[in-house]
Amino acid sequence: MSCPPDASGRRDYLAAHVLPALDVRPFIGGAFVEPRTDATFAVGDPTTEQALVTMPAAGKADVEAAVEAARSAFDEGPWPRMSPSERGAVLNRLAGIIDRDLEDLALLESADAGKRFQGVRAWDIPHAATVYRYYAEWAGRIYGDTLPPAGPVRVSTQREPVGVCAAIIPWNFPFACISWKMAPALAAGCTVVIKAAERAPLSAQALASRFAEAGFPPGVVNVVTGAGDVAGAALASDARIDKITFTGSAETARSITRGSSWRMPRLTTELGGKGANVVFADADLDAALDATTDAVFDLSGQNCCAAGRTYVQREVYEEFVGRLVKQARSRRLGDPLDDSTQQGPLIDRDHLRTVSGMVTQALDDGARLLTGGSPAELGGLFYEPTLLGDVSAGDRISREEVFGPVGCVYPFTDLDEVVALANDSDYGLSASVWTSRPGTADSFAERVRVGTCWVNCFGYFLPYVPWGGVKLSGNGHDLGREGIEAFLSTKVVYRAP
Ligand code: NAD
C-alpha cells in the first residue's frame, strides 16, 4: 500500500503501516537490541500532541555498548580496510533504499517533527540520498602526497580515517543532518555512533532498520536515542570516541566541549544563527518579499538559517514591511500532513512557552507588534506568524535565536550602516542580501561575518557546498570537501633507504 494523498489518510496509514513496522530499540552492533536501561519516553506528534510511540531512553550502558561496537568495528572490522569502491557501493545502496522508501520516511519525519510533508518529501529525504551518493564518490578520492625528499630520506603523507565518531543530531532536520555526518564519516572509513534527538528520533530508527539491507557490516553505524544530558553527555565524554560532530544549540556545544575537554577529541560544531536578511531599495522587491517570508516563517522559524533580523532600506521600508505583514497574515497554518498547509506547529509545549515568552519580553522592552504575537487560534502548538518593529539592537529578541515564527524588521540607510548592523551579532551562520547592484552585493558578501551569504536568493544547500558558521554559530563544516576532511587525519611517513 502506498501513502494516501490526504492528511487524514496519511495519519491512518502512518498508524496502521509505518509505526507498527518501526523498531524503536537501540541499534547496536548491526541489530536492534534490548535496552540496558528501563527508562522510556513518549515521542509526540506536535500536531495532535498525541504520542506516536513510546521508546526506550538510552542510558549510559546503552551508549557504552554502542561505542564498544563502533570501536571494535573500527579496530578489527572490515569497514576501514575495505576498498573504497566497496564502501562507496554500500553508501549508494543506502541512497537507493531511501529513494524507494521516500514516502514512508517523509511521513514519519513529518509527523514526528511537525514539518510539512511535502517539504520533507521534496527536500529532506531526497537531499539525504544525494548526500550519500556524493560521499560514495569521495570514498575513492582520498589521496596522500609525495613531498620533496630530505636527501636520501623519502617523505610522504597518507590520509587516514580519524576513528570512531559520535554524531549528535538536532530534531529540526534529523534525517538530512544524519546524512551530513554519517556519509562523509563512513566514506572516510570511520565508524559512527548516532545520538538521535529525543524530540524527533523516528526517522533515525527507520534509517537504522535499512542498514543491513544496504550492506553495512555490524557495528559500523549504531543508533541510540535518549536525553541529551544522559545519553548525549555519556557519548560525548566517552574516552573511546575520536571525533564528535555536533549540530544543535551553542549551549549544548559548551556542555559537550566541557564534558570532552579532558581528552580533546576532534570536534565539529554546527550551531544556531540569528540570520540577517538585507533588502536594498533597488532590489527586485517581489522576489525579496517571497524569500523573506520563507526565510522568517518556513518550518515555523525552527530553522538555524531563519532570518530573525530583516533590514530594509528606508526608501522602501514602509512599503516592504506593509507587504510582509500582509504575507504573514495570509499564511495557512495547519496540519503539516495536509498539502495546503504553509506553516505547522512548534515542536513541543516547552518550546511554545519559550517563543511566547521571548515575544512578550520584546513587547515589554518596547518593540511594536506589527502582526501576530500570540499562540494561534487553532490551539495546540501553533504560533501566529509574528513581526516586530521598533526593536533595539541590544534587545534579547535582536540577539538570541527565537527558533519560532518571529521576525524583527529594522530600517537602514546605507551599505556601511547595514554591514555594521548585520555583524552586530554573537552569531555568524548565514545572511542574505537583495540588491540589483553587483557592487553592493559583492561588498556586502565580502564584509558580512557569516559562513554563508546568499545574494538575491535564499536557502540553497547542496551536497558539494560546505556549510558551517563563524562566531557562536560553530566551528568547522559539514558537506563538500571540507565535510570529509573533518573525518580524515594526516600521517607523515619518513622513509630512509
Ligand atoms: P539541542 O542543542 O537542544 O540538542 C541537539 C542534540 O544535542 C540533541 O540530540 C540533544 O539530545 C543533544 N544534547 C543535549 N544536551 C546534551 C549534552 N549535555 N551533551 C550531549 N548532547 C546533548 O538543539 P536542538 O533543539 O535539537 O536543535 C536546535 C538548535 O540546533 C538550534 O540552535 C539550531 O539553530 C541548531 N541547528 C543548527 C544547524 C546548523 O547546521 N548550523 C542545523 C540544525 C539546527
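Predicted model: local features only at pLDDT ≥ 70, side-chain atom pairs only at ≥ 80, totals over all residues.
## Strands that pair

Two strands pair if DSSP finds at least two bridges between them.

Strand β18 and strand β19 (residues 452-455) run parallel and share four bridges. Within β19, C453 is the bridge partner of A431. Strand β12 (residues 276-279) is also parallel to β18, and four bridges join the two. Here V433 of β18 is the bridge partner of V278.

## Inside strand β18

Strand β18 covers residues 430-434, and five of its five residues are buried, so the strand is largely enclosed by the rest of the structure. In a regular strand the side chains alternate between the two faces of the sheet. You can follow this along β18: S430, S432 and W434 point one way, while A431 and V433 point the other way.

## Around the ligand

Now to the ligand, which is surrounded by 28 residues. I169, K195, E198, T252 and E401 are the closest. By class, the shell holds 14 nonpolar, nine polar and five charged residues. Domain 1 (7-271 + 473-494) and domain 2 (276-462) both contribute to this shell, so the ligand lies between them.

For E198 the distance is 2.6 Å, for K195 it is 2.7 Å, and for W467 it is 2.8 Å. On its own the ligand would expose 850 Å², and the protein buries 89% of that. The elements giving two or more residues to the shell are β8 (191-196), α9 (228-236), β10 (243-247) and α10 (250-260).

Terms used
Residues numbered from 1 in each chain as written. Heavy atoms only, no water. Near = heavy atom within 4 Å. Polar contact = N/O pair within 3.5 Å; in protein donor to acceptor, adjacent residues only side chain to side chain. Areas by Shrake-Rupley, 256 points an atom, 1.4 Å probe, with all protein chains shown as cover. Nonpolar A, V, L, I, M, F, W, Y, C, P; charged D, E, K, R; others polar. Domains from an automatic or database assignment. Buried < 20%, exposed > 50% of the residue type's maximum accessible area, 1.4 Å probe, protein only.
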